[in-house]
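Visitor: I would like a close look at one part of this protein, the aromatic rings. Please show me how they pair up.

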Amino acid sequence: MSTMRTGGGRWLGVYVVAYLVFLYLPVLLIPLFSFNNSIQAAFPLQGFTLQWYTTLYGNSALSGALANSLVIAAIAATGATLCGITVSYMDLYGRSPLAATISAIARLPILIPGVIVGISLLILINLIGLGPSRIAIVLGHILVALPTTVVIMRSRFAAIPKTIREAALDLGASDWTTFRRVMLPLSLPAIISAFMLAFLISFDEFIVVFFLAGTEPTLPLYIWSQLRFPRSLPTVMALGTSILAASFVIAAIAEILRHRGLSATVPRPADPSQPKQTKRGELQWHST
């Protein structure tokens, strides 16, 4: 029996390693070829160079696309985070079937293919008269990033002991005061984490932008347009490496903040070496 378990665990380890290699090896090849002294992404490598990174500076089209992506991502992340806070809080404390329904609908876009979302949004913005524009992209990115912010904020609000909110209400605080003075400060790490992840989602989004972009392309659209020119491939890989590094740092910081926020509300076990105060105010030591 133990032999079967050992063999099963070994094959499971092989499967996990093979899956990780299949998933991340193509991503790791981008930084590797970005330092290759050749316009072709092929082995053997021709030599080490930084010239593809130097071409990123002074490119007006690239600078404009980057500025558009940063502005759109900041606005969309702010909107998605505010909506995520409201929806998740009302879902947990609103005690209303409508709030639960809205929360479920807000998380639904993560299950819908991006092409369907892009086509649907294009039809909608044409019907209301907006047309492909920066405003349309922001609205689309809020829709795409909303499920992430709702999931993060809902887990954070659920981790806060309900007795904290009940104590604030018993002391005479209104629902708005409790939300603003108690729940939001306790959820600050999760709010920052949700904003950062929503920013990344908006910054990297391509499919929705492809349908909603007007005359001002974002950075993913700029990268896609450069792939048609073989000589631009090394520069695109250098740009992709820079984006990959920045995304990894932001995602790591967001995850650290989220875990710190969750661990901050976990009750700590009582220390037997410390005295415990009785109802009369006397100190009582734990016996070992």
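Guide: Start with tyrosine 15. This is a predicted model, and in it tyrosine 15 has a relative accessible area of 54%. The cut-off for exposed is over 50%, so tyrosine 15 counts as exposed. Now move along to tyrosine 19. Its relative accessibility is 42%. That makes tyrosine 19 partly exposed, because this class lies between the buried limit of 20% and the exposed limit of 50%.

Both residues sit in helix H1, which covers residues 2-34. They are four residues apart there, so about one helical turn separates tyrosine 15 from tyrosine 19.

How do the rings of tyrosine 89 and tyrosine 93 compare in their geometry? Their centres are 4.9 Å apart and their planes meet at 45°, so this pair is tilted. Tyrosine 89 and tyrosine 93 share helix H3. They too are four residues apart, about one turn of the helix. Are they buried or exposed? Tyrosine 89 has a relative accessible area of 8%, so it is buried. Tyrosine 93 comes to 13% and also counts as buried. The limit for buried is under 20%.

Back to the rings in general. The count of aromatic pairs comes to 13. One of them joins tyrosine 15 and tyrosine 19: their ring centres lie 6.4 Å apart, with 25° between the planes. This pair is stacked, because planes under 30 degrees apart count as stacked.

Tyrosine 89 and tyrosine 93 also belong to a cluster. Ring pairs link Tyr89 and Tyr93 with Phe157, Trp176 and Phe179.

Stay in helix H3 for one more residue. The helix runs over residues 60-93, and asparagine 68 is in it. Asparagine 68 has 10% relative accessibility, so it counts as buried. What does asparagine 68 touch, leaving aside neighbours within four places in sequence? It is in contact with Arg134, Glu216 and Pro217.

Now step back to the whole chain. It has twelve helices and two strands. Of its 288 residues, 33% count as buried. Look also at contacts between residues at least 6 apart in sequence: 68% of these join residues at least 24 apart. The accessible surface comes to about 17900 Å². Carbon and sulfur atoms account for 69% of that surface.

Methods
Residues numbered from 1 in each chain as written. Predicted model: local features only at pLDDT ≥ 70, side-chain atom pairs only at ≥ 80, totals over all residues. Heavy atoms only, no water. Buried < 20%, exposed > 50% of the residue type's maximum accessible area, 1.4 Å probe, protein only. Contact = heavy atoms within 4.5 Å. Areas by Shrake-Rupley, 256 points an atom, 1.4 Å probe, with all protein chains shown as cover. Phe/Tyr/Trp six-rings, centres within 6.5 Å; stacked < 30°, edge-to-face > 60°.
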